Amino acid sequence: MAIIVNLDVIMAKRKMSAGELSEKIGITPANLSILKNNKAKAIRFSTLEEICKALGCQPGDLLEFVED
């Protein structure tokens, strides 16, 4: 079982760069990269909320459950 973060897909659809998003939501580019590359073990709801605000999306647009 895995949770996949589709952040890169949503960013591409919104034509937003990683630098622009990290600046808007107040996290480092390195931490945003960890999320984008599915390396994160957890995400704070406050961070998820800021990402959704900045990208105009829902949490379900970003997160996907995939069975092994």
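**Entry 1: a term I need**

Partly exposed means a relative accessible area between the cut-offs for buried, under 20%, and exposed, over 50%. I looked up D61 with this in mind. D61 has 36% relative accessibility, so D61 counts as partly exposed. I note that I am working with a predicted model.

**Entry 2: around D61**

I asked where D61 sits. D61 is part of helix α5, which covers residues 59–62. Next I looked for its contacts. Setting aside the neighbours within four places in sequence, I found D61 in contact with N6 and I10. I then checked N6 in more detail. In sequence, 55 residues separate D61 from N6. In space, their C-alpha atoms are 7.3 Å apart.

**Entry 3: the whole chain**

I stepped back to the overall layout. I counted 5 helices and 2 strands in the protein. Reading from the N terminus, I wrote down the order β-α-α-α-α-α-β.

The D61 and N6 pair, 55 residues apart in sequence, is on my list from the last entry.

**Entry 4: size and surface**

I looked up the extent of the C-alpha trace. Along the principal axes, the trace spans about 35 × 20 × 20 Å. I also looked up the radius of gyration, which is 11 Å. A compact globule of 68 residues would have a value near 11 Å, so the protein agrees with that.

How many of the residues are buried? Of the 68 residues, 26% count as buried. The accessible surface comes to about 4,700 Å². Carbon and sulfur atoms account for 54% of that surface.

**Entry 5: charges**

I turned to the charged residues. The protein has 9 positive and 9 negative charges. Their mean positions lie 4 Å apart. Side chains of opposite charge can pair when their charged atoms come close. I searched for such pairs and found 2 salt bridges in the structure.

Another salt bridge joins K53 and E50, at 3.6 Å from N to O. K53 and E50 also lie in helix α4, 3 residues apart, about one turn of the helix. I noted that E49, E50 and K53 are linked in a network of salt bridges.

Are these side chains buried or exposed? I went through them one by one. K53 has a relative accessible area of 56%, so K53 is exposed. E49 is partly exposed, at 43% relative accessibility. E50 is partly exposed too, with a relative accessible area of 29%.

**Entry 6: positive phi in two loops**

Last, I looked at backbone angles. K15 has a phi near 55°, a positive value in a residue other than glycine. I found K15 in the loop between α1 (7–14) and α2 (18–25). Its relative accessible area is 75%, so K15 is exposed.

N38 is not a glycine, yet its phi is positive at about 55°. I placed N38 in the loop between α3 (29–36) and α4. At 36% relative accessibility, N38 counts as partly exposed.

Definitions and conventions: Residues numbered from 1 in each chain as written. Predicted model: local features only at pLDDT ≥ 70, side-chain atom pairs only at ≥ 80, totals over all residues. Heavy atoms only, no water. Helix = DSSP H or I, 4+ residues; strand = E, 2+ residues; numbered from the N terminus. Rg over C-alpha atoms; globule rule 2.2 N^0.38 Å. Buried < 20%, exposed > 50% of the residue type's maximum accessible area, 1.4 Å probe, protein only. Areas by Shrake-Rupley, 256 points an atom, 1.4 Å probe, with all protein chains shown as cover. Lys, Arg positive; Asp, Glu negative; His and termini not counted. Charge placed at Lys NZ, Arg CZ, Asp CG, Glu CD. Salt bridge = Lys/Arg side-chain N within 4 Å of Asp/Glu carboxyl O. Contact = heavy atoms within 4.5 Å.
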